[in-house]
Structures are given as C-alpha cells and as structure tokens.
Amino acid sequence: MISIKKILFLICITGIPYSLYRDIHNGPVTESHHKKEAETYRLHSKKETPPHPFVFDGCTGFPDTIFRYDFTEACLEHDIAYWLGGTSAERKEVDTRLAQAAAADGLTGTVFGIMLYAGTRTFGDSFIAKALGTNWGFGYNGTTSHDVQSQ
Ligand SMILES: [Ca+2]
C-alpha cells in the first residue's frame with residue numbers, strides 16, 4: 001500500500017524537477033484560447049495590457065496533472081494574474097486562489113494546494129521565476145513600468 005507521504009515524496013523528487021526541466025526545455029505553449037482567457041481576465045480586472053504578450057507554461061515547477069488531479073485551468077488563471085502583476089496583496093490573493101482551487105478536490109487536493117501555495121509564495125517573485133520569465137508582473141519584464149506596478 002502506497003501512503004500519501006510516499007506519493008508526496010515521489011512528486012517532490014521526480015515531479016518537480018521534471019516540471020522545471022519541461023518548463024525550461026519546451027518553453028510556453030500559448031494557444032489562442034489561453035490568449036482569449038487572458039484578455040477576458042484582464043478586462044475583468046480593469047488592468048492595462050502589459051507590453052509583453054501573455055505566455056502560458058502550465059504549472060511552473062509543478063506537474064499540471066497528478067493522477068486524477070488536473071491543475072491546468074487553475075494554473076492558467078494564476079499565470080494570467082502573474083502576467084498582469086500588481087500589488088503584493090494582489091499576488092497573495094491569486095496564490096491563495098490557486099491553493100483553494102486545488103483544495104476544492106478533497107484532502108489530497110488540499111495537500112497539493114498547500115504545496116502550490118508554498119511554492120508560489122516562495123518562488124513566485126524569486127530570481128528563479130525571473131530567470132524562467134514567470135515572475136509576478138512578467139508581462140512587464142525588462143520595462144520600467146513593471147517597477148512601478150510591483151510597488
Ligand atoms: Ca506557470
């Protein structure tokens with residue numbers, strides 16, 4: 001019998017490094033419906049269009065799916081919010097929403113939500129995220145307006 005602890009351990013030692021490799025090697029896959037979702041989200045949040053186009057790389061540094069759990073849509077919304085950027089309070093809100101989306105699917109989902117929350121809070125605006133181009137406000141990377149927006 002495989003325990004939940006063993007599954008989480010396997011995800012940490014294989015899934016996360018594999019996801020990072022995938023993110024770096026394959027790069028983002030931004031389809032037209034991703035762009036449409038991004039535009040709808042942007043209009044709803046009443047934010048300006050960042051200078052760089054929206055790109056979606058799935059759940060950065062985390063598997064998009066684990067068994068029956070599929071985090072793709074939640075990660076898409078999270079990536080769109082990260083593309084737009086904003087205040088640190090807004091960032092905490094979208095990190096929380098990602099965790100809640102995962103947690104909506106039972107106890108195991110809650111554990112994945114905690115992992116996603118810890119990961120996004122720790123690395124979401126770190127040098128690693130900046131190197132991957134997935135940091136908070138990545139639509140403004142390399143522009144001065146990002147500095148203004150992330151205050
Ligand atoms: Ca991502």
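Tutor: Let us take helix α3, which is mostly covered: 10 of its 13 residues are buried. A residue counts as buried if 20 or more other C-beta atoms lie within 10 Å of its own, as exposed if 12 or fewer do, and as partly exposed in between, with C-beta atoms placed from the backbone. The model is a predicted one, in which local features need pLDDT of at least 70 and side-chain atom pairs count only at pLDDT 80 or more, while totals for chains, interfaces and linings use all residues. Residues are numbered from 1 along each chain as its sequence is written.

The helix α3 covers residues 72–84. Helices are DSSP runs of H or I with at least four residues, strands are runs of E with at least two, and both are numbered from the N terminus. The expected span of a helix is 1.5 Å times one less than its number of residues. For the 13 residues of α3 this gives 18 Å, and the end C-alpha atoms are 18 Å apart, which agrees. Just after α3, Gly85 has a positive phi of about 65 degrees.

The buried residues of α3 are Ala74, Cys75, Leu76, His78, Asp79, Ile80, Ala81, Tyr82, Trp83 and Leu84. What do they pack against? Their partners are α2 (32–45) and α4 (88–103). Here two residues are in contact if their C-beta atoms, placed from the backbone, lie within 7 Å.

Consider α2 to begin with. The axes of α2 and α3 are 10 Å apart and the two helices pack at an angle of about 60 degrees. Axes are lines fitted to C-alpha atoms, for helices over the stretch in contact, and angles run from 0 to 180 degrees between N-to-C directions. Angles under 35 degrees count as roughly parallel, over 145 as roughly antiparallel, 65 to 115 as roughly perpendicular and the rest as oblique. The helices α2 and α3 are therefore oblique to each other. Their crossing is right-handed, a term used if the near helix is turned clockwise from the far one by less than a right angle, with anticlockwise giving left-handed. On the α2 side, His34, Glu37, Ala38, Tyr41, Arg42 and Ser45 take part, and they meet Leu76, Glu77, Ile80, Trp83 and Leu84 of α3.

The other partner is α4. The axes of α3 and α4 come within 9 Å and cross at roughly 175 degrees, and the two helices are therefore roughly antiparallel to each other. From α3, the residues Ala74, His78 and Ala81 make this contact, and from α4 it is made by Val94, Leu98, Ala101 and Ala102. An α-helix has 3.6 residues a turn, so residues three or four places apart point the same way.

The helix α4 also packs against α5. Their axes come within 7 Å and cross at roughly 160 degrees; α4 and α5 are therefore roughly antiparallel to each other. Their crossing is right-handed. Among the residues in this contact are Asp95, Leu98 and Ala102 of α4, and Phe112, Leu116 and Tyr117 of α5. Leaving aside neighbours within four places in sequence, Gly119 is in contact with Gly61 and Phe62.

Two loop residues deserve mention. Most residues other than glycine have a negative phi. Lys46, however, has a positive phi near 55 degrees; Lys46 lies in the loop between α2 and β1 (65–66) and counts as exposed, with 6 C-beta neighbours inside 10 Å. Phe67 also has a positive phi near 55 degrees. Phe67 sits in the loop between β1 and β2 (69–70) and is exposed, with 8 other C-beta atoms within 10 Å.

Finally, the whole chain. The protein chain has 7 helices and 2 strands, in the pattern α-α-β-β-α-α-α-α-α along the sequence. Buried residues make up 28% of its 151 residues. Of the contacts with a separation of 6 or more, 63% join residues 24 or more positions apart.
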